[in-house]
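Colleague: I'd like to go through this model with you, one feature at a time. Could you give me the general idea first and then the case here?

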Amino acid sequence: MKPAFRRNNRKARTVTDFAKLSAAETALAIRERRASATEVMQAAIDRIEAKNPKLNAFVFTAFDEALDAAKDADAAVARGDALGPLHGVPIAMKDLFDFKRGWPSTLGGIPQLKENIADMNCGFVDSMEAAGAILVGKTNSPAMGFRGTTDNAEFGPTSNPFDTSRNAGGSSGGSAAAVASGMLAVAEGTDGGGSIRIPAAWTNTVGYRASAGRTPLLVRPNAFANTLPYIFEGTITRNVEDAIL
């Protein structure tokens with residue numbers, strides 16, 4: 001397959017087929033003004049709206065908020081601001097031990113927590129937004145992440161994009177399905193006993209669980225705090241370059 005554009009050719013044509021771009025390619029296209037963050041975001045929203053009803057990868061979306069952030073990202077490009085390595089790239093977070101201020105957090109579809117609204121950001125959100133990424137929504141997970149498949153009482157199962165009669169794996173199955181189906185190029189995963197590696201294997205994506213101590217895991221200081229060094233933050237992507245990024 002030929003690349004959507006050549007990285008060393010600043011006169012390359014405007015990018016329009018955003019679904020095929022990696023996160024690295026998307027950020028470069030926005031930085032070089034061959035695509036706008038708003039166009040990229042709207043295309044991602046369109047893909048999510050078209051594909052999510054069959055897959056149930058996303059359990060919460062904040063499209064208006066994401067579009068506003070994309071407009072701000074375009075304004076930063078126009079001003080010539082310093083841009084992060086993921087500037088304008090749509091990204092998803094996992095609905096588990098992960099929080100964004102003002103967003104619901106059910107810790108994996110626990111019905112009693114469906115009205116639980118976060119009053120803080122987790123480390124993943126702060127790090128990704130500092131790098132310029134734009135959070136679109138939250139992806140499905142089993143309750144407390146304690147299963148190798150993604151299913152729960154509140155949101156139901158997540159289907160595998162390659163065979164919707166099968167599960168996408170767990171516990172980061174929503175993120176894996178979102179990436180494998182082309183909704184997004186990158187999404188968050190967390191892993192204690194295979195929760196990144198299992199869904200990545202089942203969906204032909206790249207799941208990266210970092211070595212102990214490589215990536216900080218910051219959680220709420222309460223009974224849901226994770227037991228280090230056994231829980232890891234990571235990502236699910238479509239290629240190794242994006243996992244490195």
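Modeller: Start just after helix 4, where glycine 132 takes a positive phi of about 100 degrees. Helices (H or I, at least four residues) and strands (E, at least two) are DSSP runs, numbered from the N terminus. This is a predicted model, where local features need pLDDT of at least 70 and side-chain atom pairs count only at pLDDT 80 or more, while totals for chains, interfaces and linings use all residues. Residues are numbered from 1 along each chain as its sequence is written, and side-chain values use heavy atoms, with hydrogens and water left out.

Colleague: Which residues of helix 4 are buried?

Modeller: Buried means under 20% relative accessible area, exposed over 50%, and partly exposed in between (1.4 Å probe, protein chains only). In helix 4, residues 123-130, the buried ones are Gly123, Phe124, Val125 and Met128.

Colleague: And what covers the buried residues of helix 4?

Modeller: Look for contacts, meaning heavy atoms within 4.5 Å. The cover includes strand 2 (90-94), strand 6 (186-191) and strand 8 (232-237).

Colleague: Why does aspartate 17 count as partly exposed?

Modeller: Because its relative accessibility is 37%. Aspartate 17 lies in the segment before helix 1 (23-31).

Colleague: How do strand 4 and strand 5 run?

Modeller: Two strands pair if DSSP finds at least two bridges between them. Strand 4 (residues 159-160) and strand 5 (residues 163-167) are antiparallel and joined by two bridges. They form a hairpin with two residues between them, and serine 159 stands opposite asparagine 167.

Colleague: Now the pocket: how much space lies in the largest one?

Modeller: Rolling a probe the size of a water molecule over the atoms shows where empty space is left. A pocket here is an open set of points on a 1 Å grid over the protein atoms alone, where a 1.4 Å probe fits, with protein on both sides within 12 Å along at least five of seven lines; lining residues have an atom within 4 Å of a point. Grid points are joined across faces, edges and corners, and the volume is the space filled by probe spheres set on the points. The largest pocket holds about 570 Å³. It is lined by 25 residues, and Met128, Thr215, Thr235, Ala243 and Leu245 are the closest to its centre. Helix 4, strand 8 and helix 7 (240-244) each give two or more residues to that lining.
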